[in-house]
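Subject: Structure handover

Hello,

Here is the structure I promised to pass on. Please open it first, then read my notes below.

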Amino acid sequence: MNTYQKKSKDIYDVIVIGGGPAGVSCAVECKRRGLSVLLIEKKKLGGVCTNVGCIPTKTLKASCEVLQIAREGKYHGIDLDIKNIDTNRFIERAKEVAAEASKQLEDYCNQYNVEIIYGSAKIISKESVEVDQKIFRCRNLVIATGTRPRKLRNISKPDIENMIIYPDEFWSLKEFPKSVVILGGGVIGSEFASLCTTLGITTYVIDTHERILSALDPLASDFLTNSLTTRGCTILTSVKESAITPEGVVVNGTLYRAEKVIVAIGREFVFPEGIENLGLEKNPNGAIKTNEYLETNIPGVYAIGDIANGMYAHVATAHGKHVARLIAGHRDKFKIVTPFVIYTYPEIAATGIKKIEPTDKILFAEFKENSRAMVEARTNGVVEVILDKHGHVKSAIIIGHYAGELISYLCLAILNKLSFRDLCKHQFPHPTYSEIFNSLEKYIKD
Ligand SMILES: Cc1cc2nc3c(=O)[nH]c(=O)nc-3n(C[C@H](O)[C@H](O)[C@H](O)COP(=O)(O)OP(=O)(O)OC[C@H]3O[C@@H](n4cnc5c(N)ncnc54)[C@H](O)[C@@H]3O)c2cc1C
């Protein structure tokens, strides 16, 4: 029997605050390991990811893809006369899918008998949490409260306030605007730029950096810039000052007219009330500091997901499971190879840190060499894989159709220390996009 099994029925082994991907995965994994657990969520299960982030944005992207395919029909000999695009249905469907995904999470928690209470948790001490004036006690406390959009400060005029929306609020729009300025060309800003451009919305992106997706490989930035601008999006970079007016945004004396301004300038951490009672150390960016085991400086207190710099839903899920294992007595270091995907058009996916040594080898191929890409007329893409001197995969970037699916092969190679040759011992089916790995093999000398 697990030593952590509920010793007193009044004290939970674990209380998890926040029911996003991090909190849900932690709570379920705790139950699977025989721990008693209470999950506290103040809004809806699934957090940002399910309700306002990953799921609705990718549902909208899927609708945009149908539109894109319809537009490309003529090339295949199908001349569709698109008479009506009911964008209200796009939003409606995004909401429906998000609601269904949240419901599925609830069913998943029920399947494991996870006790859930809805309300805002206030931390009294590391052993006690208050919700709606009731005190709940625990041996381990897990904080999984995530992030919210960073807001623009000092907006006091109502006509300007009405123009501004944040990515999380996009779903509450009654209808899509005809023109938008997107402040911030990071991952979320770029995804919205891609969506809005495909929808035929006049789109301007404004970024303070020299290029959009500035934290990524310039290859990604160049590809996306090219794709967006050829489809009519205007990108303004190195913008040091901009002013929002009721008509749009002014940059260097020019007014970029827009009905709405989507502010995508980053996220800020959401800390539960009373967190200061714990004396937790923070990282320079304000996230809760954790060590390589995912422990905080306070024994028995854990932080997972975005609040601990997770920044992706799948990392949040991995954090949650790992901490449950830790609490159940398996003290391993947290180790994953993180893939990340940007759901733009074309899709961008990467893994590993690109740092090239003189002995490294760079493998590069274009999608136009790939049979399936040719068959499907989706040849706008590239793959670049960096190998170390032993032929092991160090990092990779894929830009193009299904990039997000393809990247996992390379993550598995990194995780299992496979050489690229090992990976290509597998003959990928023909014709598939994955065959691009077999075609890269030709660049390696025996
Ligand atoms: C527009 C957008 C698109 C995104 N797309 C992707 C994507 O495609 N892929 C990807 O991997 N990531 C994506 N992300 C990021 C992803 O959503 C986050 O990394 C993920 O949601 C983090 O999970 P979490 O559990 O740490 O936090 P969250 O999802 O933020 O969940 C935290 C939960 O805690 C609850 N909470 C907060 N305070 C309290 C309290 N005091 N008491 C009780 N409950 C509380 C909140 O209500 C919330 O439900 C996207 C984000 C955005 C904004």
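One point before the details: this is a predicted model.

I start with a pair of strands. S12 and strand S13 (residues 248–251) run antiparallel, and three bridges join them. Look at Ala243 to see one such link: its bridge partner in S13 is Val250.

Now the domains. The chain is divided into domain 1 (11–149 + 268–327), domain 2 (158–265) and domain 3 (346–443).

Next, the contact between domain 1 and domain 2. Their C-alpha centres lie 27 Å apart. Domain 1 brings 16 residues to the contact, and domain 2 brings twelve residues.

Which elements give two or more residues to the side of domain 1 that touches domain 2? They are helix H3 (54–72), helix H4 (87–111) and strand S7 (147–149). H3 gives the most to this side, with seven residues. By class, the side of domain 1 that touches domain 2 has nine nonpolar residues, four polar and three charged.

Over to you.

Best wishes

Notes:
Residues are numbered from 1 along each chain as its sequence is written. This is a predicted model: local features need pLDDT of at least 70, side-chain atom pairs count only at pLDDT 80 or more; totals for chains, interfaces and linings use all residues. Two strands pair if DSSP finds at least two bridges between them. Helices (H or I, at least four residues) and strands (E, at least two) are DSSP runs, numbered from the N terminus. Domain bounds come from an automatic or database domain assignment. Two residues are in contact if their C-beta atoms, placed from the backbone, lie within 7 Å. Ala, Val, Leu, Ile, Met, Phe, Trp, Tyr, Cys and Pro count as nonpolar, Asp, Glu, Lys and Arg as charged, and the others, Gly among them, as polar.
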